Amino acid sequence: MDERYETEIIRDVLQGNMQRFEKLVREYQGPVFNLMFRTVNDDNVAADLAQETFFKAYSRLETFDTTKRFFPWLYSIGLNVARDHLRSRGRDFHVYMENPSVMYRDDGVRDEQTMVEERLDGGKMLEFIQQMAPKYREALLLRFKHGLSMKEIGEALDITVSGAKMRVSRGLDIVREEFGEVSDAS
């Protein structure tokens, strides 16, 4: 969704046109549901948590900075909802990946990292990624599935840009190391 169009929708919602929020829900319900499903591995609970995420986003919309993209802000709320849910159940934050193809960017753009990953066996990679620390797994997903910039990843994960770069880089290094390819930068 075009950022200007998103901003227009948010302004409309803030001026009382609540129906416009549905456009944002339709646009981002898939990524938010997938985040929740990776977290709880249960369709019904994931749907409830996704709904809670959108409810919280709606109720806090007046705090959203319209000079920024909406998705990283929404994703950050989703991560907090997921963490709160797991804490309430006495579990560690753990995110499951249902499909290794989520490592590819939505826009179909291939880059060096995805080309490396294309050479990896999908099943082994899926198993390995499921064991990665959530901080690396989520940084990789935001970068390669959703195509977020490092700044946006930092905002979504509530870390600095340098922290986002480090998590993506370290996550890729971990994958490369596991599958026999080591980064020259390390």
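This is a predicted model: local features need pLDDT of at least 70, side-chain atom pairs count only at pLDDT 80 or more; totals for chains, interfaces and linings use all residues.
Buried denotes under 20% relative accessible area, exposed over 50%, and partly exposed the range in between (1.4 Å probe, protein chains only). Residues are numbered from 1 along each chain as its sequence is written, and side-chain values use heavy atoms, with hydrogens and water left out.

The chain contains nine helices and zero strands, giving the pattern α-α-α-α-α-α-α-α-α along the sequence. Helices (H or I, at least four residues) and strands (E, at least two) are DSSP runs numbered from the N terminus. Of the 186 residues, 44% count as buried. Among contacts (heavy atoms within 4.5 Å) with a separation of 6 or more, 63% involve residues 24 or more positions apart.

The largest nonpolar core has 43 residues, and those with the most contacts inside it are Phe-21, Met-36, Phe-70, Leu-142, Ile-153 and Val-168. Two or more residues of this core come from each of helix H1 (3-14), H2, H3, H4, helix H7 (134-144), H8 and H9. A nonpolar core is a set of buried Ala, Val, Leu, Ile, Met, Phe, Trp, Tyr and Cys residues joined through side-chain atoms within 4.5 Å. Neighbours within four places in sequence aside, Phe-21 is in contact with Val-13, Phe-54, Ala-57, Tyr-58, Leu-61 and Phe-70. In soluble globular proteins, nonpolar side chains tend to be buried together.

Eight aromatic pairs are present in the structure. Tyr-28 and Phe-70 form a tilted pair, with 5.9 Å centre to centre and 40° between the planes. Because Tyr-28 lies in helix H2 and Phe-70 in helix H4 (residues 70-88), the pair ties together parts that are 42 residues apart in sequence. Tyr-28 is buried at a relative accessible area of 8%, and Phe-70 is buried at 0%. Phe-33 and Phe-37 form a stacked pair, at 6.2 Å centre to centre and 25° between the planes. Both Phe-33 and Phe-37 belong to helix H2, where they are four residues apart, about one turn of the helix. Phe-33 is partly exposed at 25% relative accessibility, whereas Phe-37 is buried at 18%. Rings of Phe, Tyr and Trp (its six-membered ring) pair if their centres lie within 6.5 Å; planes under 30 degrees apart count as stacked, over 60 as edge-to-face and the rest as tilted. One aromatic cluster is formed by Tyr-28, Phe-64, Phe-70, Phe-71, Trp-73 and Tyr-75.

The whole structure has 10 salt bridges, each defined as a side-chain nitrogen of Lys or Arg within 4 Å of a carboxyl oxygen of Asp or Glu. Glu-22 pairs with Arg-26, the closest N and O atoms being 2.6 Å apart; both residues lie in helix H2, four residues apart. Glu-22 is partly exposed at 38% relative accessibility, and Arg-26 is exposed at 57%. Arg-20 forms a salt bridge with Asp-12, with 2.9 Å between the closest N and O atoms. Arg-20 is buried, with a relative accessible area of 16%, while Asp-12 is partly exposed at 22%. In helix H4, Arg-87 and Asp-84 are three residues apart, about one helical turn, and their side chains meet in a salt bridge (3.1 Å, N to O). Arg-87 is exposed at 56% relative accessible area, and Asp-84 is partly exposed at 37%. Salt bridges that share partners join Glu-8, Asp-12 and Arg-20 into one network.

Two loop residues have positive phi. Asn-41, in the loop between helix H2 (21-40) and helix H3 (43-59), has a phi of about 55° although it is not a glycine. Asn-41 is partly exposed, with a relative accessible area of 46%. Asp-158 has a phi near 60° and is found in the loop between helix H8 (150-157) and helix H9 (161-178). Asp-158 is exposed, at 68% relative accessible area. Most residues other than glycine have a negative phi.
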